[in-house]
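Let's take a walk through this structure together, one contact at a time. Have the sequence and the 3D view open as you read.

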Amino acid sequence: QLQVAESGGGSVQAGDSLRLSCAVSGRTFTWYRLGWFRQSPGNEREWVASIMKDDRTDYLDSLKGRFTVSRDNAKSTVYLQMNNLIPEDTAVYYCAADEPPFGFSYDYWGQGTQVTVSP
């Protein structure tokens, strides 16, 4: 019943910024933990950031200070602000939602949005 849809990806140059959006359709948006993941060619999917219903956030250590996750409960949307992008950020970015109980894996996933960073 819950649907997740990412948008905002594209091709940019190193040093540019992008803001990804993730629309989550559901009546209980504020109950969910929202997360961002990414997968680059030849690599496994990795966790990027997450935000809890109380706006507590966590980030992959290497991305702290560059990436910011936020949520707009009125719009049922979670964002990933990506600044100072580098080619290593090139990946398909996925948004995911997790409903209680919050376990190791997320429950709902979007189809992904491509981010390509050129040197």
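Keep in mind that the model is a predicted one. The two sulfurs of cysteine 22 and cysteine 95 sit 2.0 Å apart, and a search of the whole structure turns up one disulfide. This pair connects distant parts of the chain, since cysteine 22 belongs to strand 3 and cysteine 95 to strand 9 (residues 91-98), 73 residues apart. Are these cysteines buried or exposed? Cysteine 22 has a relative accessible area of 0%, so it is buried, and cysteine 95 is likewise buried at 0%.

In strand 3, cysteine 22 is the bridge partner of glutamate 6, and strands 1 and 3 pair in the antiparallel sense over five bridges. Strand 1 shows two faces: Val4 and Glu6 are on the covered one, while Gln3, Ala5 and Ser7 are on the uncovered one. Strand 3 (residues 18-25) also pairs with strand 8 (residues 77-82), again antiparallel, over six bridges. Within that pairing, serine 21 has tyrosine 79 of strand 8 as its bridge partner.

Put together, these strands belong to an open, antiparallel sheet of four strands in the order 1-3-8-7. Strand 1 (3-7) and strand 7 (67-72) are at the edges with a single partner strand each, so one side of each has no neighbour in the sheet. From one strand to the next, the twist averages 15°.

Now for the charged side chains, where the structure holds seven salt bridges. One of them joins aspartate 89 and arginine 38, with 3.0 Å from N to O. Aspartate 89 is in the loop between strand 8 and strand 9, and arginine 38 is in strand 4 (residues 33-39), so this contact ties together parts 51 residues apart in sequence. Both ends are buried, because aspartate 89 has a relative accessibility of 1% and arginine 38 has 9%.

Aspartate 89 also forms a salt bridge with arginine 66, at 2.6 Å from N to O. Arginine 66 lies in the loop between strand 6 (57-59) and strand 7, so its contact with aspartate 89 ties together parts 23 residues apart. At 15% relative accessibility, arginine 66 is buried too. Arg38, Arg66 and Asp89 are joined by Glu46 in a network of salt bridges.

Elsewhere, aspartate 54 and arginine 56 meet in a salt bridge of 2.7 Å, N to O. Here aspartate 54 is partly exposed, at 44% relative accessibility.

Terms used. Residues numbered from 1 in each chain as written. Predicted model: local features only at pLDDT ≥ 70, side-chain atom pairs only at ≥ 80, totals over all residues. Heavy atoms only, no water. Pairing = 2+ DSSP bridges. Axes fitted to C-alpha atoms, helices over the stretch in contact; angles between N-to-C directions. Buried < 20%, exposed > 50% of the residue type's maximum accessible area, 1.4 Å probe, protein only. Disulfide = S-S within 2.5 Å. Salt bridge = Lys/Arg side-chain N within 4 Å of Asp/Glu carboxyl O.
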